[in-house]
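Please look through the structure shown here.

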Protein chains: 2
Amino acid sequence: MSMQLCRVDVADFDRVLTQINDPYERCRAFSALTRVNVLYMIMRAGSGHLGSSFSAADIVSHLLLSELDEPFTPDGDVYFSSKGHDAPGLYAALIGLRRLPEDLLHRLRRLGGLPGHPDVHTPHMAFNTGSLGMGISKAKGLILADRLLGRSRRVFVLTGDGELQEGQNWEALASAAHRGMGELTVIVDHNKLQSDTWVSEVNDLGDLEAKFSAFGWGALRCDGHDFRDLEAALRKRAESFPGQPAVVIADTVKGAGCATFAATSMRPGEWRYRFHSGAPSPEDYRTAHEELIAEADAVLRRNGLGPLRVVAEGPLPERRAGDRPRLFQVYGEALAGRARTDRRIVALDADLVLDTGLIPFSREHADRFFEFGIAEQDMVSAAGGLAAGGLVPFVNSFSCFLHARPNEQIYNNATEGRKVIYVGALAGLLPAGPGHSHQAVRDVAALSAVPGLRVLQPANAAEVEAALDHCLATDRSVYLRLESVPVPDEVAALPAGPLVPGRGRVVRQGGRVVVIGAGPTVLGQVLGACELLAPEGLDPTVVNLPWLNEVDPEWLTGLLREADHVIVVENHYGRGGQADTVARALLAAPPPHRPSFHGIGLTEIPRCGADDEALGAHGLDAASLAAAIRDVTTSDLTIRDVTTRDLTIPTRD
Amino acid sequence: MSMQLCRVDVADFDRVLTQINDPYERCRAFSALTRVNVLYMIMRAGSGHLGSSFSAADIVSHLLLSELDEPFTPDGDVYFSSKGHDAPGLYAALIGLRRLPEDLLHRLRRLGGLPGHPDVHTPHMAFNTGSLGMGISKAKGLILADRLLGRSRRVFVLTGDGELQEGQNWEALASAAHRGMGELTVIVDHNKLQSDTWVSEVNDLGDLEAKFSAFGWGALRCDGHDFRDLEAALRKRAESFPGQPAVVIADTVKGAGCATFAATSMRPGEWRYRFHSGAPSPEDYRTAHEELIAEADAVLRRNGLGPLRVVAEGPLPERRAGDRPRLFQVYGEALAGRARTDRRIVALDADLVLDTGLIPFSREHADRFFEFGIAEQDMVSAAGGLAAGGLVPFVNSFSCFLHARPNEQIYNNATEGRKVIYVGALAGLLPAGPGHSHQAVRDVAALSAVPGLRVLQPANAAEVEAALDHCLATDRSVYLRLESVPVPDEVAALPAGPLVPGRGRVVRQGGRVVVIGAGPTVLGQVLGACELLAPEGLDPTVVNLPWLNEVDPEWLTGLLREADHVIVVENHYGRGGQADTVARALLAAPPPHRPSFHGIGLTEIPRCGADDEALGAHGLDAASLAAAIRDVTTSDLTIRDVTTRDLTIPTRD
């Protein structure tokens, strides 16, 4: 029989909760069961933060089972994770407690299921997290409200250790002490590993207890996998610092509870922890699953319970090979290559070297590679300093963080006239699994009015190379918007010559309906829509316009000379992006024929789900686009511009 | 003879520099002279940071005269101020050293003169500062560049103490230690007072030395007004921490060197330091000037130099009375009033209680007023927590900081569907004296794609009241954009009824040229332009549309039924703001007549200067607008939309 994807039935959690009397053993068994189901959920989803869920599992079990007072009531103690990476672990625990429906086990990172990072639309999630460093501040706000409304309860916030590099934490600490917030306890899941590698390598935290103490917090330390020690630390927290916020620094092991995933199993010299966010290989799954089952079975048996009831849920999901390079990888290789001859190039990273393509650069040009850790504001201002010193900094992060967290710092660099290249990976709606904290769909808007900043989105590998040439040749700063999903074959094959600012390229010559867009997802789906429309005799012209905040009016006028309809499709909110740019140009120099104008982009907060689910939910898949194009061409009188609708808050489906 | 505005001639600085041999006395005399000229500059400009310039004066004198190696050469030691408030002091010192032209003494905060906060277009300004907390990061970047390029020099950064509440500092510290940056010295001008009041009241810094030490920095403390102590501390810094970044915490007195301004002269119980940023009263000027002259004279005489040469520069400038309430004051009073009956209302502030109008609220509703200090990210996320707890938070700061520093936090709150009212004072180009770090002209763009967030800009007191009613009634989050300059009489008199989202109001019924705008400055200048155009028979219709990111298509179609030309005028960059909103609506439902469309807004980084200078420089004064309207109506074939031009970096005039 082929390898099966297995989980533990929630009835086994019931047995643990009702039949194990020793509180420490109960927690231990509960954690062991949650780890089995976390592995199931992540294997099924194809991605998810395994290492972090495992390192936090014992802390979460202790809190939910032994520490919190009435955590699931409106006035009870509150627990939430600020880092949010450990969401699968918390989901598994809540399902084990029957606080979330069991069928959600199968729906991690699926539309209408459990988001990749916590979201308040899931029951018992106090806050949206995943954007690091906000949790302590949110807890403080909740406590201020509690005080005003006469509610008395405690708030526990879990943070990562790498997360503490984020400056907002240190803003938050001081005033919590200033306000004597005895209600607030922070637990640091101190597993010593952040996204890329060891925290001490990235940006050493130094003496964490001394730091918290210096900020006026009570500080304690314990073994985050020892339930007696956790209990003692939290008791001491209450006794020693009753009127003061306090931190419990819990020493943990990333991937704890399973030798396959445990960071303690890393080979000497191995710098990269392999189980931060992706799904394990089938081989690792098999080994780990057997370990986890054995461990869970053992703890059940020694507490007098019968054997574990493992439920097989069918074969392991097939993964697509994905051997085509992603654009960030193309960029990373190309940047390393350019830097061989251009000594001005330096690269800055914020703990995402794996996902921004910078490994080749960091190896080949170690002296010109600067790792800032999870500290985007510091990174961007330091890039300004590097530019002032005569270099050309390439600043890298996920787009979601890069456009927003250091937004003022980017503007400040611009006011100095520094040339800085900002490279945002993971731009756009996809991948949709991580959820809205990671789906950058308002980056163009947030940066649209930064003076002198060009926003450029390449569609394929050839265009990445051309974009890089442009970045090096221009005097301007550039925000290079890179999608991280694979490039569809039909987009990968598109030609890309030298880029001319504000000018695009017709990639499908058709009739008088002109569809304008940029990037692999939009162009892929639009070309797909054209295929769907062909049998109906609809034959749109498709234009790749990689410049998102500028358009050459002369080129546009020429392009639209005979157009009846112009449709701009965006992998972005329908406001503040390319549609606005094209609309303004169209009004400034209207073609004699005056085509109708339509913008299609996101109108809601991006949905978490499989990529095809998310595209469909937002009307950006080929079928929806075909329908929209059909609408535009067939109902001249009903001019449709979805983006004039208000952007609204999504409701949970 | 009436009171004269007086300064010290630069020749007196020459005498001090060449004829006083004792280095401590030389510094003391130099500081005394700079303080006289700082007072001159600020009185002449009508505003400027006096207290901070005075508290830092001795540190700056010591650095420039005794500590820095070749500071004015390309490879010499670098000094800059991160807080930037003390710019007048640094300017006065550089003029005293003949490193800046003496005539700039008369041009603080004037177009082409010396900006209110440091700008790299002024000689010897290493970086643009004034946005707090960026300096250490910038210094680190410069040092990384120096290391790569084989430059060996030291970098000294002055920070405020309140500034250290900003989280970016703590991001920056850790990796400076991680990289062993012995080149980097931070000096904290620890004057114990931030913008509003005592640092210890706002958000106590606790044990600063312990904090820096915990972050891996060498930490020393000294008297920032004792030149021997400063010298000893910097010597010890070099000896004790050669391969490590270090901080010298310099205990200073805000307004030091003059009893009138010194914080030590504050009366018992006086909470507000009166000389943070405005110009002193004529009475205070007279007393302080006499003190400063006496002190300078004394130090010159005791060092064997002849008496001080004081140059009278004419009478004290007249200040306009300014007795009309500013919109932020109206807002503050109104909020305090609404909170009497609406117990959900809470207010959050980031050390700007004087400038956000919150003093009445903070006094009347002390339990519902939360001062976060200079920590906007913390404040915004805490507001999310307060909203989660059932309250309606009003989050206040200067617009320049509020839209940018916590940009990701605002989005995160939006993804939770929390209702939060963000109130940005000091929005727009004016006042133009503080310079571009404080001139919020891309706030609408940066927030335009935050889902569910309305952007609303009231024009006068009545509309502030209506806006507040809307904020309390709606389920949506609102960004309330408030200008801080006085409301022109003709705008103050405009009616304001209940606000209907997306709909504006005709405030001047004219012909087929329709000018749309919002806020006191735009409406005032546009109405002024109409007066100028009247003799020519040009008679525009003027519309107040306070909704910046939405427009009701039906209303717009009705409004423009007979329009030949539509012009949107913005106190904002020409991109990402109201012109884009109107343009999209116009294209979505084009009026049958298809008017021409034009956007007028900023195309360059906002200029520092007197308000009329800045309006003129950006083409937003009545005369420029009249010319633009005339152009639009007389040259139909040359359709003009300034905002399709690239936003460019300004050149220094």
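A disulfide is a pair of cysteine sulfur atoms within 2.5 Å. By that rule, the whole structure holds 0 disulfides over all chains.

The model is predicted: local features need pLDDT of at least 70 and side-chain atom pairs count only at pLDDT 80 or more, while totals for chains, interfaces and linings use all residues. Residues are numbered from 1 along each chain as its sequence is written, chains are lettered from A and ligands numbered from 1 in the order in which they are written, and side-chain values use heavy atoms, with hydrogens and water left out.

Now to the interface. With contact meaning heavy atoms within 4.5 Å, 110 residues of chain B touch 111 residues of chain A. The area buried between them is about 9,000 Å², 55% of it from carbon and sulfur atoms; buried area is the accessible area (1.4 Å probe) that two parts lose on being put together, summed over both. B:Glu171, B:Glu408 and B:Arg584 lose the most area in chain B to chain A, together 9% of what that side buries.

Charged pairs also cross this interface: there are 8 salt bridges, each a side-chain nitrogen of Lys or Arg within 4 Å of a carboxyl oxygen of Asp or Glu. B:Lys140 and A:Asp378 form a salt bridge, with their closest N and O atoms 2.5 Å apart.
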